[in-house]
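Here is a walk through one protein model, taken a step at a time. Keep the sequence and the structure in view while reading.

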Amino acid sequence: MMFALGVERSAAGQPWKWRRSGEPGLTMDALVDELLLARGVPRDDLERHRKPTIRDFLPDPSAFQDMDKGAARLADAVQSGETIAIFGDYDVDGATSSALLVLLLRQLGVEPMVYIPDRLMEGYGPSGRALVELKQRGASLAVTVDCGAQAFEALQQAKDVNLDVVVVDHHQCATLLPVAHAMINPNRLDEGDVGAAHGHVAAVGMAFLLAVSLVRELRGRGFFADREEPRLIDLLDLVALGTVADVARLHTLNRAFVTQGLRVMAARQNIGMTALAEAARLVKPPSCRDLGFALGPRINAGGRVGKSDLGVRLLTSTDPEEARTIAAELDRLNEERRAIEMQVCEQALEQADKLNGAPVLTVMAPGWHPGVIGIVAGRVKERFGRPAIVIAETEDGTGKGSGRSIGGVDLGAAVLAAKDSGLLVAGGGHAMAAGLTLAPGGLEAFRDFISERLASDVERALDGRALLLDAILAPGGVVANLCDALDAAGPYGAGWPAPRVAAGPARLLKTGVVGDGHVRGFACGDDGKSFKWIAFRIAETELGQALLSSSGDRRWWLAGTIKRDEWNGGNYAEMHLEDAAVLDPSGRLP
């Protein structure tokens with residue numbers, strides 16, 4: 001087996017491998033192409049991927065099952081002035097999907113009703129009670145977004161009261177579909193090639209495709225003969241936020257959505273989005289990382305520990321003062337969420353540590369806040385490197401759970417299989433995330449089932465685990481203009497990992513602990529050129545201790561991502577270090 005730079009076992013205890021070739025001395029343009037090739041782009045398709053556009057990647061919406069049927073029903077409702085209700089999920093994907101349709105319908109002369117269920121009182125997805133209530137309030141058509149794929153009973157109740165429902169979802173579907181006027185979902189089992197190509201698209205992406213189909217349908221009916229067509233491109237900031245926050249893979253269409261959406265966001269056209277960026281103290285146009293770690297969590301905070309509709313209200317606000325008030329409230333709720341999360345996370349990690357490396361780490365306890373279990377599941381997954389499910393036990397013994405997976409392990413399908421086997425009251429999701437409801441006393445049976453079902457997949461994923469590198473640099477190569485070349489192959493996120501480089505050999509200088517267990521220092525090459533590096537939250541780990549105890553005569557390869565450092569107006573580069581490997585005095589790895 002070939003190891004990158006000969007590193008078979010690093011300071012963090014893992015091998016290094018090249019993501020593709022590791023060819024040294026590449027020009028900036030060649031480096032961009034290498035990054036794209038390493039992320040699965042065919043060589044003959046490089047041009048399209050260098051600058052991903054909506055025009056180049058958007059499929060014909062009509063290729064999806066029920067898309068035209070759903071668009072035609074919406075067009076009928078718009079033209080006849082029917083009352084339309086949007087039923088959304090309480091997470092970011094649901095909030096952005098709902099907001100997108102609300103803003104579009106307003107431009108078409110319709111003010112829809114919006115219903116976002118309370119996470120704690122109502123749980124995930126449409127309930128029959130809520131849909132019947134919408135009918136009683138005058139709605140003749142409901143559009144569910146980011147939910148509905150498994151809502152068999154609720155959609156039957158809607159049909160019973162003559163409420164037409166168009167479902168826009170992306171979660172795993174069973175062979176039998178719920179009754180609905182239209183079921184728009186790339187993960188329908190009968191989608192074929194179009195589903196295989198676009199199954200990673202988030203619900204907000206599917207809502208955008210429905211918007212395209214609706215405008216096209218209305219155009220064909222002459223609806224815009226005396227009114228301006230909506231500029232659908234202006235809605236892509238919502239698509240970008242929902243896609244990134246839902247950890248959807250940034251391949252093909254999703255990458256185009258996010259690339260264009262970030263440009264729209266930089267123009268600050270959405271009043272609520274602008275207020276949220278200000279509340280998050282973002283002074284520059286948001287980056288892809290900002291969507292996932294600054295804006296997304298604040299939208300989510302409303303559904304987790306506050307009022308579930310705050311996100312939609314913010315993103316559809318037309319009053320800057322109202323938007324600032326809601327954004328400030330979401331910022332406060334996010335701080336509250338972080339405090340709750342910290343407490344639950346500590347207990348969940350302690351439980352997971354006692355499971356002796358089970359294939360899937362399933363933990364449960366009473367008193368855990370259901371609003372943070374998804375985030376905590378992600379933390380457990382990151383700590384132990386395997387799928388994790390965190391379940392909050394309610395007063396009646398029922399468990400509300402949320403899971404996060406690792407690459408190559410389809411957690412959503414396994415949870416759906418557990419439900420079909422009678423081990424869950426409800427459950428579903430997609431490859432990387434899932435939700436479930438567990439009956440009292442059902443933990444052990446479910447834990448055994450999910451671990452047994454996924455054991456071989458997890459083993460394969462762990463066997464193939466290594467730190468993947470894209471390029472090798474001399475210490476003097478860690479410079480600001482390198483960031484421009486690296487960014488050109490972005491945006492980076494789920495399924496499209498940020499480039500990781502190895503720089504060295506270098507000696508470590510001024511190494512020390514800062515902040516909450518971060519380790520930082522300088523790396524100086526044999527030619528005297530140096531760069532700054534920082535490794536987050538590793539002071540107590542094996543890697544952190546190795547770096548802190550390094551003597552000045554030791555030489556290292558350092559691996560991580562390169563970020564521009566603009567502190568105090570500078571224009572430098574630093575490494576966000578993820579791993580390191582020490583060389584012996586002869587220049588070889590010991």
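**A sheet and its aromatic pairs**

In this predicted model, valine 390 stands opposite serine 402 in strand E9. The two strands involved there, E8 and E9 (residues 399-404), run antiparallel and are joined by six bridges. The hairpin they make has five residues between the strands, and glycine 397 in this hairpin takes a positive phi near 90 degrees.

On to the other partner of E8. Strand E7 (residues 361-366) runs parallel to E8, again with six bridges, and leucine 361 is found opposite alanine 388 in E8. Together with helix H16 (residues 373-384), E7 and E8 make a right-handed β-α-β unit. Of the six residues of E8 (residues 388-393), five are buried, so this strand is largely enclosed by the rest of the structure.

Strands of a sheet pair through backbone hydrogen bonds, in either a parallel or an antiparallel way. Here five strands form an open sheet with mixed pairing, in the order E7-E8-E9-E11-E10. E7 and strand E10 (426-430) stand at the edges with a single partner strand each, so one side of each has no neighbour in the sheet. On average, and ignoring direction, neighbouring strands of this sheet are turned by 15 degrees against each other. Further along the order, six bridges join E9 to strand E11 (residues 433-438), and these two run antiparallel. Glycine 401 stands opposite leucine 436 in E11. Helix H18 (residues 443-463) lies across E7, E8 and E11, and runs at about 165 degrees to E7.

The next topic is the aromatic rings. The structure holds three aromatic pairs. In one of them, phenylalanine 87 and tyrosine 115 have ring centres 5.2 Å apart and planes at 15 degrees; planes under 30 degrees apart count as stacked, so this pair is stacked. The pair links distant parts of the chain, 28 residues apart: phenylalanine 87 is in strand E2 (residues 84-88) and tyrosine 115 in strand E3 (residues 113-115). Both phenylalanine 87 and tyrosine 115 are buried.

Phenylalanine 208 and phenylalanine 257 form an edge-to-face pair, with 5.6 Å from centre to centre and 75 degrees between the planes. This pair also links distant parts of the chain, 49 residues apart, with phenylalanine 208 in helix H9 (residues 203-220) and phenylalanine 257 in helix H11 (residues 252-266). Phenylalanine 208 and phenylalanine 257 are both buried.

The charged end of arginine 289 lies over the ring of phenylalanine 293, 4.4 Å from its centre. For lysine 510, the charged end is over the ring of phenylalanine 522, 5.7 Å from its centre.

Methods:
Residues are numbered from 1 along each chain as its sequence is written. This is a predicted model: local features need pLDDT of at least 70, side-chain atom pairs count only at pLDDT 80 or more; totals for chains, interfaces and linings use all residues. Side-chain values use heavy atoms; hydrogens and water are left out. Buried means under 20% relative accessible area, exposed over 50%, partly exposed in between (1.4 Å probe, protein chains only). Helices (H or I, at least four residues) and strands (E, at least two) are DSSP runs, numbered from the N terminus. Two strands pair if DSSP finds at least two bridges between them. A crossover is right-handed if, with the strands pointing away from the viewer, the path from the first strand over the helix to the second runs clockwise. Axes are lines fitted to C-alpha atoms, for helices over the stretch in contact, and angles run from 0 to 180 degrees between N-to-C directions. Contact means heavy atoms within 4.5 Å. Rings of Phe, Tyr and Trp (its six-membered ring) pair if their centres lie within 6.5 Å; planes under 30 degrees apart count as stacked, over 60 as edge-to-face and the rest as tilted. A charge sits over a ring if NZ of Lys or CZ of Arg is within 6 Å of the ring centre and within 35 degrees of the ring normal.
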